[in-house]
Amino acid sequence: MEENKGIIEPAAQDAGVVDVEKELKELRLKQKKLERENRRLQIEMDTIKDMNEQIARTQGFMKKENQRQIFYNTQLLKVSPYLVLMVDEKLKTVMASDVLTQMTDVSLDAVRDGMQLDEVLSKVLEESVLNSLLEKCHSVLENRVSDTFMLNNYFGEEERIYKVDINFYSSPVEGASGLCILFTDMTEVIEAKERAERADKAKSNFLANMSHEIRTPMNAINGMSEFILRDSTDEEAKKNAAMIKSAAKSLISIINDILDFSKIESGKMEIINDTYSLSSLVNDVATMIRIRLQEKKVGLVVNLDPDTPSRLYGDEVRIKQVMINILNNSVKFTNEGQITFNIKHEWDGKGDCCLHVSISDTGIGIKKEELGKIFESFTQVDTKRNRSIEGTGLGLAISRRLVTMMGGELKVESVYGEGSTFSFDIYNKVIDAEPVGVLADNYDVKLVHEVDKSFRRPNARILVVDDNDMNLKVAAGLMKPYGIVPDLATSGPESLELVKNKTYDLIFMDHMMPKMDGVETMHRMRDMKGGSEWKIIALTANAISGMAAKYVEEGFNGYLAKPIDPASMELVLKRELTEEKNEEILEFDPEGEVLEFGPDEGDAPEFEQGDSDRGETDGKPGGVKKGNDELIALLEEIGINTGAGLMHAAGDKDFYLEIVRDYVKAFKERSSQLQEYYESGNMSDYSILVHALKSNSNTLGIEDIGAKAKDLEFASKDNDTAFVDHHHGELIDAYRNRTEEIRKVLEE
């Protein structure tokens, strides 16, 4: 038995091994669990660490942002030109702009420490003003509604006017609330307003006085013209008198527009009713518009209901003014077709008669989105397309207000590209119910400048400088009736060489020339020996109101607008080609009324015998080349304003057709140059070339090309490449088509 004591049974051994392995397995499981827990805790620790770092960065950013905002606010308060004060609900100061320290001895530190508002403002405001301000502050705190008011205060001995804004503020985060008070010094603004009002009143007085001063001689001109029309048996004198009377009426119309706008703006316009003749009113209106339409291939159709009562009671002057303004607007924007002037009526035989007036045209029309703008003062719609149309933009604005004052409403309907119709209704009392009947239609007045044959200067030494051959030919042609044969130069440098070797009595200098323009050339001439005494006249198509003074200031003796008006040329020659030195500078109408009337057939002035380039004639001195009338008529049929062209050719049909041929021959070279400058982006030379094309076209009456060239001239000067890109090809095509049309007429 003893021998078996140390022996373990196999079964017991196996059980022990199993227990150890089981325990080890459990320990390994616990170890893994602890490892996972350790990793989880490590991850949480890393996350917490990242969060702490993020919080620290955010706090740092917020601290910097707060410091930045404090800096910005401080700078705003420092540079603010206004007095700004912030107070809490107890009216203790929180902060203020630096202006406070400039006005008082209060420091900003004391403000931040907290001072009573009345203590601070007592150093700025008078006691009564301060008490009023404090009452308003309490009211804003109580009602929490902002308040704005004006106060007058003496700061020292100087009175100042302040606009005060009091606004309530509240911060829900910090629980802070109070008032922000802004003082804006309005003294200078109010004084400027008062000065403007005084100036406006002075302007009105000036306009009224000038109106009186201008109307007095205008009335005399009208009266004398009327005497000539009534008493003279000379038809030519009667035509001249009719034109003088028409021009005087145009000037008075301009004066009236300016005065009327001023009166309407100030509320002083009145409607003055009186008895008037409807047929007389319509006749006057139609006559004025037909005269204007002589420059265009546009007809005027007047439809007056023949059953309309002949004499009415209303404001004839204002009714006529509205009609003329609207018709003038149609004339401006209609280049072909017709303008229809309709007057209908409704009357029951008892009360007022309603006149239905409508004016329709076949013009360019108005875009739908711009219809609402056309009645605004000094406004022209579609300006890029209409930049060549002149006008102040007052006519329609005045018309609408006048129609409203007469109890009506001015309306407009339009289709863009097709035309427009303006209409209005007005009520007038009937004085004479007899029907007005059929309106007479006998208007046809034309005029051409007649050369003063008593004025001859064959020995005059004149130089004309222009880079355009046609302009040189026109200028030379206009001087021919006076026996003058000028020297011609095509550039500034060429003219400088000529004046070195020859003394001239008069020099005509084109303004816009490539490389060396007319202004630079003139200055170089002035620097030459004796140059300060030379008479130099600027030639320019850019002549606008006020340019005369600028040209004289530059050193010119005056200027002539292109296309050159023969009458203006004659005035310059008479003024300058005298023995006595005349310092007077004449300002000629720029692109104005010189084209208003075309010449009658047979009214062209005859030239002296011996004129060259007259072609075959009918054997009479100064006779007209056979076939010229037919050619001119054909040119008119294709839309050329030969009336304007003949006016610029002094009525010489041979000369006119000669420069028309030159215009056609120059197409290839001129269009190639335009294309070259366009493709190279040379807007400077491009603008000079389209400027010349505009001048040449308008001189000949080829007004459609002149208008397109003018648009591109302004666009290229403004460096508006988008407009040039869009319209350059359009100009070239129109220019080509027009010259081809003219070529066919001349060949026929």
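Biologist: Among contacts between residues at least 6 apart in sequence, what share joins residues at least 24 apart?
Modeller: In this predicted model, 66% of the contacts between residues at least 6 apart in sequence join residues at least 24 apart.

Biologist: How many helices and strands does the chain have?
Modeller: There are 22 helices and 17 strands in the chain, and buried residues account for 42% of its 748 residues.

Biologist: And what does the accessible surface come to?
Modeller: The accessible surface of the chain is about 41,100 Å², and 50% of that belongs to carbon and sulfur atoms.

Biologist: Let's go to the sheets. What is the strand order in the open sheet of five strands?
Modeller: The order is β14-β13-β15-β16-β17, and the pairing is parallel. Because β14 (487-489) and β17 (558-561) each have a single partner strand, they stand at the edges, and one side of each is left without a neighbour in the sheet. From one strand to the next, the twist averages 20 degrees.

Biologist: How many bridges are there between β16 and β17?
Modeller: Strand β16, residues 536-540, pairs with β17 in the parallel sense over four bridges, and within that pairing L539 has L560 of β17 as its bridge partner.

Biologist: Which strands of the sheet does α11 touch?
Modeller: Helix α11 packs on the sheet and touches β13 (462-465), β14 and β15, with its direction at about 155 degrees to that of β13. Helix α15, residues 566-576, lies across β13, β15, β16 and β17, and runs at about 140 degrees to β15.

Biologist: Back to α11, then: at what angle does it pack with α20?
Modeller: Helix α11 (residues 469-479) and helix α20 (residues 683-700) pack at an angle of about 40 degrees, and their axes are 9 Å apart. That angle makes α11 oblique to α20, and the crossing of the two is left-handed. On the α11 side M470, N471 and V474 take part, and they meet S695, N696, T699 and L700 in α20.

Biologist: What about α16 and α22, at what angle do they pack?
Modeller: Helix α16, which spans residues 628-637, packs with helix α22, residues 721-747, at about 155 degrees, with 9 Å between their axes. Because angles over 145 degrees count as roughly antiparallel, α16 is described as roughly antiparallel to α22. The contact is made by L631, L634 and L635 of α16 together with I742, V745 and L746 of α22, and the crossing of α16 and α22 is right-handed.

Biologist: Changing topic, in what sense do β1 and β5 pair?
Modeller: Strand β1, residues 83-88, and strand β5, residues 176-185, pair in the antiparallel sense over six bridges, and V87 stands opposite L179 in β5. Strand β4, residues 158-171, also pairs with β5 in the antiparallel sense, over 10 bridges, and there K163 stands opposite T184 in β5.

Biologist: Where does Y313 lie, and is it buried, exposed or in between?
Modeller: Y313 lies in strand β8, residues 309-314, and it counts as partly exposed because its relative accessibility is 32%. Leaving aside neighbours within four places in sequence, Y313 is in contact with N273, D274, T275, Y276, N428, K429 and I431.

Biologist: And how far apart are Y313 and D432 in space?
Modeller: Their C-alpha atoms are 9.4 Å apart, while in sequence Y313 and D432 are separated by 119 residues.

Biologist: Which residues of α10 are buried?
Modeller: In helix α10, residues 395-405, the buried residues are L396, A397, I398, S399, L402 and V403. The helix is followed by G407, which has a positive phi, near 85 degrees.

Biologist: Which residues other than glycine have a positive phi?
Modeller: R144 is one of them, with phi near 55 degrees, and K515 is another, with phi near 70 degrees. Most residues other than glycine have a negative phi.

Biologist: Where are those two found, and are they buried or exposed?
Modeller: R144 is found in the loop between α5 (127-143) and β3 (147-155), and it is exposed, with a relative accessible area of 52%. K515 lies in the loop between β15 (506-510) and α13 (518-526), and it is exposed too, with a relative accessible area of 88%.

Conventions. Residues numbered from 1 in each chain as written. Predicted model: local features only at pLDDT ≥ 70, side-chain atom pairs only at ≥ 80, totals over all residues. Heavy atoms only, no water. Pairing = 2+ DSSP bridges. Buried < 20%, exposed > 50% of the residue type's maximum accessible area, 1.4 Å probe, protein only. Contact = heavy atoms within 4.5 Å. Areas by Shrake-Rupley, 256 points an atom, 1.4 Å probe, with all protein chains shown as cover. Axes fitted to C-alpha atoms, helices over the stretch in contact; angles between N-to-C directions. Parallel < 35°, antiparallel > 145°, perpendicular 65-115°, else oblique. Left-handed = near helix turned anticlockwise from the far one by under 90°.
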